[in-house]
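Subject: Structure handover

Hello,

Here is the structure I promised to pass on. Please open it first, then read my notes below with the model beside you.

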Amino acid sequence: MSSSSSTAVVAGEDEPFRQPLPEMISDDASAFDNAATQTFAFSSGNPRIEETRGVMHLFSSSSSDNSNDGVVSSPSPNQNLPVGRKPLVCVLGVPNHMTYADFCQFCASFIQHILEMRIVRTDGMDDQYSVLIRFDSQDSADKFYQHFNGRQFNSLEEEVCHVLFTVYVQFTGYTGSLEHVQPAPASSTEQPSCPVCLERLDQDTSGILTTICNHSFHCSCISKWTDSSCPVCRYCQQQPEKSICFVCQTSENLWMCVICGFVGCGRYKGGHAIIHWKETEHCYSLELETQRVWDYAGDNYVHRLIQSKTDGKLVELNSHCLHGKDNCGSCDCVDSGTSDALLSSKVEAIVNEYNELLAAQLENQKIYYETLLQEAKEETEKIISEAVKKAIAQKLQKMQAKLDRCVTEKKFLDDLNENLLKNQEMWKAKISEIEEREKMALRAKDDKIQDSEAQLRDLMAYLEAEKTLQQLSISNEIKDGTVLPMSVESSTSTGTKGKGKKI
């Protein structure tokens with residue numbers, strides 16, 4: 001059963017702000033209505049279970065500037081503190097990656113002076129949260145303000161601690177299950193216990209930290225919890241990114257396969273979750289909104305653990321009792337021994353069924369992925385074969401083109417060789433003819449020279465004979481004379497000169 005309330009509740013100076021009760025209205029809340037204050041709407045609690053909403057009224061600083069995300073920058077430590085302040089401060093804009101243990105370590109030097117801390121979500125700051133801190137004295141609150149205001153949370157990051165004094169905290173409403181609202185105890189001394197150490201949550205002995213899901217712990221106990229989730233309900237202050245369908249990118253009616261993690265939309269959207277089941281035979285799917293498990297093969301819900309709306313814990317789905325009223329399952333039909341035996345057998349049956357289910361799903365998953373691997377292998381071999389054939393065809397085409405060029409060049413060279421051989425024969429014939437003509441001309445010349453020499457000899461003989469006759473005629477005329485012989489050299493030279501002139 002769910003209900004919502006819009007009653008305005010104010011936490012005063014002496015009242016704790018962990019429980020928004022109507023009797024916590026402060027008489028001096030209206031005294032600051034006209035003061036220079038600024039308001040921040042906040043909420044706390046698991047939105048799926050219950051949620052508390054309220055407004056923080058903070059002292060504004062004269063030197064502060066509002067940033068785009070609503071966080072107020074810190075003033076100088078030497079600036080005058082606001083008048084009428086209380087030992088209640090608010091740390092704005094704490095980054096979500098800082099866990100509860102990180103924040104406790106950050107303010108460890110003042111942890112012994114802190115009575116109570118409450119983690120809240122500030123509207124408009126999705127990646128940040130705020131911390132309301134109540135101190136044991138005003139002096140401790142002033143020193144905390146002067147020490148941490150404007151100081152970086154980490155030397156490696158840019159986020160700065162913004163501390164403002166709180167005028168009062170106003171709770172404006174509550175939404176959730178009525179079972180979650182704990183009634184006021186009959187005795188004023190009775191206090192809740194810490195879920196970690198099981199000791200009473202007493203502000204006088206140890207500081208109390210209330211997480212963003214409204215679960216309270218000792219500061220010393222939660223500082224040892226290094227996870228960002230709550231130790232009780234596992235609600236995480238650092239929310240994951242919003243899931244979307246892997247196919248159509250929608251963010252509504254999403255189902256996640258518990259076997260492989262595929263996220264698809266329901267059958268009333270694109271139906272990609274059921275398509276995934278038909279393709280992979282992964283029959284179990286988790287609805288992200290309600291955390292319920294659906295069996296596509298059995299066509300029903302099969303989850304046995306559900307999240308309680310009372311405290312957010314995971315509890316077993318109650319079985320129906322046939323002997324009780326309204327099938328509540330709360331009657332004492334069997335004794336404790338029989339109940340333990342039934343419970344043990346039920347647990348064993350659940351374990352066996354889960355093991356068989358897990359083995360079957362793993363076998364199906366193995367077959368599915370082996371099929372995928374085989375298909376991928378065949379596809380790879382097919383691609384490789386096609387690539388090899390294509391490469392061989394391209395290489396063969398290049399070789400054929402090269403062969404055609406070589407054949408063309410060979411044919412051209414054969415024609416050229418044939419023409420050169422024909423020219424060679426022709427020139428050989430011409431050369432032979434020229435040589436024959438030269439031989440004939442040389443022979444004719446030799447014959448002519450021989451004829452000329454014969455004629456020359458005849459002429460010389462004639463001339464000598466004529467000269468001899470002349471001498472004989474002279475010798476007859478000269479009497480008692482002496483005949484002188486002629487030298488052969490002079491005769492030879494004379495003949496030579498005459499021959500040269502004749503030629």
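Start with Arg-437. Arg-437 forms a salt bridge with Glu-433, and their closest N and O atoms are 3.0 Å apart. A salt bridge here is a side-chain nitrogen of Lys or Arg within 4 Å of a carboxyl oxygen of Asp or Glu. Both Arg-437 and Glu-433 sit in helix H5, 4 residues apart, about one turn of the helix. Arg-437 is partly exposed, at a relative accessible area of 46%. Glu-433 is partly exposed too, at 47% relative accessibility. Buried means under 20% relative accessible area, exposed means over 50%, and partly exposed is in between (1.4 Å probe, protein chains only).

Before going on, know what you are looking at. This is a predicted model: local features need pLDDT of at least 70, side-chain atom pairs count only at pLDDT 80 or more, and totals for chains, interfaces and linings use all residues. Residues are numbered from 1 along each chain as its sequence is written, and side-chain values use heavy atoms, with hydrogens and water left out.

**The whole chain**

The protein chain has 6 helices and 17 strands. Helices (H or I, at least four residues) and strands (E, at least two) are DSSP runs, numbered from the N terminus. Of the 503 residues in the protein chain, 30% are buried. The chain exposes about 33100 Å², and carbon and sulfur atoms supply 54% of that. Accessible areas come from the Shrake-Rupley method with a 1.4 Å probe; for residues, only the protein chains shown count as cover. Now take the contacts with a separation of 6 or more: residues 24 or more positions apart account for 58% of them. Contact means heavy atoms within 4.5 Å.

**More salt bridges**

How many salt bridges does the structure hold? It holds 10. Side chains of opposite charge can pair when their charged atoms come close.

Lys-422 and Glu-418 make one of these pairs, at 3.8 Å from N to O. They are 4 residues apart in helix H5, so about one helical turn separates them. Lys-422 counts as exposed, at 51% relative accessibility. Glu-418 counts as partly exposed, at 42%.

Asp-139 is partly exposed, with a relative accessible area of 45%. Lys-143 is partly exposed, at 44%.

There is also a network of salt bridges. It links Glu-51, Arg-53, Arg-121 and Asp-123.

Go back to H5, residues 336–477. Phe-412 lies in this helix. Together with Leu-413, Leu-416 and Leu-420, Phe-412 makes a nonpolar surface patch of about 410 Å². Phe-412 is exposed, with a relative accessible area of 56%.

Patches are made of residues with over 30% relative accessible area and no salt bridge; like charges are joined within 9 Å, and nonpolar side chains (Val, Leu, Ile, Met, Phe, Trp, Tyr) within 5 Å.

A patch of negative charge gathers Glu-375, Glu-378, Glu-379, Glu-381 and Glu-386 on the surface. Lys and Arg count as positive, Asp and Glu as negative; His and the chain ends are not counted. The place of a charge is NZ of Lys, CZ of Arg, CG of Asp or CD of Glu. Glu-375 is in H5. It is partly exposed, at 46%.

**Around His-282**

Is His-282 buried or exposed? At 1% relative accessibility, His-282 counts as buried. You will find His-282 in the loop between H4 and strand E13 (284–287). Leaving aside neighbours within four places in sequence, its contacts include Cys-257, Trp-277, Tyr-296 and Gln-365. Gln-365 is 83 residues from His-282 in sequence, yet their C-alpha atoms are 7.8 Å apart.

Helix H4 covers residues 272–280, and its buried residues include His-272, Ile-274 and His-276. Just after H4, Glu-281 takes a positive phi of about 65°.

Best wishes
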